Each structure stands twice: as C-alpha cells, then as structure tokens.
Amino acid sequence: MFDAILFVQLGSPEDATPKSVEKYLVEFLGDWHTLGNPPFFWNWLLKRIIAPKRSVKSACKYQEMVQKAGFGEMPLVYYTRRFAEGIASAVESRIAVRYAFEFGTKPSISDALQEFADFGKKKIRVVPLFPQRSLVTTVAVRDIAAACFQKFPQLSMDFVDGFALNPVWLEETFQNVLRHWNGISPIVFSFHGTPVAWAKKGDPYSRDCEAEFDWFRKKIREVSPNAEVLLSYQSRFGHGKWLGPFTTDVVAQIAQKQKEVLLVCPSFTAENLETLHEIDVELRNLFLAAGGQRFTRVPCLNDDANWVKRFAEEMMRENLGSPCEK
Ligand SMILES: C=CC1=C(C)c2cc3[nH]c(cc4nc(cc5[nH]c(cc1n2)c(C)c5CCC(=O)O)C(CCC(=O)O)=C4C)c(C)c3C=C
Ligand SMILES: [Fe+2]
C-alpha cells in the first residue's frame, strides 16, 4: 500500500518578469518530451532566439493574468496548492500529500521526494495532473519523476497514468458544465493540441481526447438532444501540422452564424495562461470581433470542494485500473 501521494503539475515561471519566463521556457521547451523530436540545433535556437523573443510577449500575458486573477501569484500554482491541501485534509492522516512542478516554480519533484524520505515514507503514488496521456503530459512526468526517484533508492513509485475516462473526473467536469451551461449552444470542448506526427506514432493523446469528448457529447445529448457539441484543439505552437480543427477556426465560424458559445477546456485541471489568457482574452476578442455576442467559458475544476473530495476518495483506491481505457 502506498503511504504518500505526489501530485505533479507542469509549472509556471517563478514570476511574470521576462527573465523568469525565459528561464521557464528554456526548461520546458528544452525538455525532449515537449517537442518530441526537435532539430539538432534546437537548444541553440531556443536559448538564443526563441526563448528571449517569446518571453517578452509571454511575460506581458502572465502579468495581465496575475493582475486579473488577483491572488498575487501564478493561478496554476495557487490552485495546485489549494487542490493538494484539500486532498491532504480529505485522505487518511497516515498518507502524506505533496505537490510539485516539472518546470519553473518550486517545489520540484526532488524537493517533494526529499520530504517523503525524511518522513520515512516508502511507496509514493505519483499523479500527473493531466487527464489525457501523452508524451508531453504523463510520459514526461513519469520520466522526470523516475530520474528523481534514483536519488532516493528507499522510495518506490506507484504511477497513475492519466484519468481521462475516470468516472469522477468525467462526472465532476460534466456537473461543472451543467452549472455554466444555461442552454447555450454550441458547446465547444477545446483540448490542448499536440503535433499530428505524435498521433501517427501511437501517442494516445488524441484517442483519450476523443473518447472523453464522446462521453461528454452523449451526456449533453441526454439533456438536450439538439445541442451542438464540437471538439477542437487549442494552443498550437510553431509551424508543423497539429491536431485540428483549431479552436480559433471553430469559434470564428460559429461567430458568423450564431450569437453565443460555451467553451470547455478539459485538458486542464487548474486555471493557467492557456485558459485565462488564450481563451478568456484572445479567443473571446476573436469571437466578439467576428460578430459573436456572448462568450462563456466553464472554469477549470481547480479546488472545487466536490471534485477534491471525490478525487481524494478515488486516489485512495489501491487498484485504480486503467483510468484512460473504456
Ligand atoms: C511546444 C509545444 C507544446 C506542447 C506540445 C504543449 C502541450 C501541452 N501543454 C499543456 C499544458 C500547459 N501548457 C502551458 C504553457 C505552454 N505550453 C507551451 C508549449 C507546448 N505545450 C508553451 C510554450 C507554454 C508557455 C506559455 C507561452 O509562452 O505560451 C501551460 C500554462 C502554464 C502556466 O504558467 O500557466 C499549461 C497548463 C498540455 C496539457 C499539453 C498537452 C496536451
Ligand atoms: Fe502547453
């Protein structure tokens, strides 16, 4: 039986300055899981050109987001901490609960493992806070964590490989959609994109997204048989071919014939730059400029009390089965 749980989230820059954003981008985009198979001169390009240039633009977005969110810290960090604290108070007291980030912000995975080792813990359940499996989500966490575990031979890892089709995740997300729906149609389920080449090589990400989407569409049609329910992919990076249709194209087309749209972003358990800026600011502006009138986004589950309570119960199950397979 495991005696500790470690939740792992992607991470944010330490603060919203261009210097911190640049450091974060170099770490994140320099990790081979993020781009899969980058050109051999990628590291040079990243450090000299891409990160310095992108960090200036991204830092402005981070600043805007932090100011609007009003927590005085990165939303992803704020909500990940509150989520883990909620889980800690819901599970048996013998289970130590910590959170960690892959890139940028502390605590790192090694920081958390050091604490577990100091407490005399032995078996650590590692839970990436990414519902859908992929190279950049669950595989990255497993590989980075495995490297950290090597420094602590007394600790072993019990890995939770995604939870896209876990009933608690699906039902709580659906309840959250119902709370914000108000009969709005179309509903767009906008998943984070990945390169098409990954899917061709067997990466399960698009399969997980599609299976999850099918579940949501069925549930929505049970409530409203004529509701238009669409799948799209957001946050494309660079010039290669990425999963589509793109959220920007889908939403621009909707604006030409309909007045309203409801967005759901099921790749994210917590608010972050991709939801609070790319969707809430940039996509909303695109929709309104293209003729749309009412743009609504369902918030991430974040530290929602029911979600935390039910996910805590779920995480305590010794054998979780295959949370991404039907
Ligand atoms: C380079 C390619 C990228 C892939 C592939 C990718 C996949 C991916 N990302 C998330 C979740 C998040 N990504 C976030 C930020 C972010 N992502 C990329 C690039 C790729 N993501 C970049 C360059 C950035 C940095 C911000 C920017 O400059 O645009 C975040 C936000 C972090 C925050 O601080 O708020 C999250 C969360 C998923 C789930 C995913 C694949 C499925
Ligand atoms: Fe991303």
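Predicted model: local features only at pLDDT ≥ 70, side-chain atom pairs only at ≥ 80, totals over all residues.
Residues are numbered from 1 along each chain as its sequence is written, chains are lettered from A and ligands numbered from 1 in the order in which they are written, and side-chain values use heavy atoms, with hydrogens and water left out.

Ligand 1 is surrounded by 26 residues, where a residue is near a molecule or strand if one of its heavy atoms lies within 4 Å of it. The closest of these residues are Ser-12, Arg-54, Ser-58, Tyr-62 and Leu-273. By type, the shell divides into 16 nonpolar, eight polar and two charged residues. Here Ala, Val, Leu, Ile, Met, Phe, Trp, Tyr, Cys and Pro count as nonpolar, Asp, Glu, Lys and Arg as charged, and the others, Gly among them, as polar.

Taken alone, ligand 1 exposes 800 Å², of which the protein buries 97%. Such accessible areas come from the Shrake-Rupley method with a 1.4 Å probe; for residues, only the protein chains shown count as cover.

Which helices each supply at least two residues of the shell around ligand 1? They are helix 1 (18-30), helix 2 (32-35), helix 3 (42-69), helix 6 (135-149) and helix 11 (273-289). Helix 1 gives the most, with four residues. Helices (H or I, at least four residues) and strands (E, at least two) are DSSP runs, numbered from the N terminus. Seen at the level of domains, ligand 1 lies between domain 1 (4-161) and domain 2 (167-297), because both give residues to its shell. The domain bounds come from an automatic or database domain assignment.

The next stop is an annotated pair of residues. An unreviewed UniProt entry places the feature "binding site" at His-192 and Glu-274. These two are spread over 83 residues of sequence, yet they cluster in space, with a largest C-alpha distance of 8.6 Å. UniProt positions are given in the numbering used here, feature names are shortened, and annotations may be inferred rather than shown by experiment.

His-192 belongs to strand 5 (residues 187-192). With a relative accessible area of 22%, His-192 is partly exposed; buried means under 20%, exposed over 50%, and partly exposed in between (1.4 Å probe, protein chains only). Strand 5 also holds Ser-190, which is buried at 0% relative accessibility. The side chain of Ser-190 makes a polar contact of 2.7 Å with that of Gln-234, and another of 2.8 Å with the side chain of Thr-247. A polar contact is a pair of N or O atoms within 3.5 Å; within protein, one must be able to donate a hydrogen and the other to accept it, and residues adjacent in sequence count only if both atoms are side-chain atoms.

Asp-158 sits in strand 4 (residues 156-159). Its relative accessibility of 18% makes Asp-158 buried, and a polar contact of 2.9 Å joins its side chain to that of Arg-125.

Finally, the loops hold some backbone details to look for. The peptide bond from Ser-185 to Pro-186 is cis, with omega near 5°, and Pro-186 lies in the loop between helix 7 (167-181) and strand 5. That loop also contains Asn-182, a residue other than glycine with a positive phi near 60°. Asn-182 is exposed, at 68% relative accessible area.

The loop between strand 6 and helix 10 (247-257) includes Pro-245. The peptide bond from Gly-244 to Pro-245 is cis, with omega near 0°. Ser-235 is found in the loop between strand 6 and helix 10 and has a positive phi of about 60° although it is not a glycine. Is Ser-235 buried or exposed? At 12% relative accessibility, Ser-235 counts as buried.
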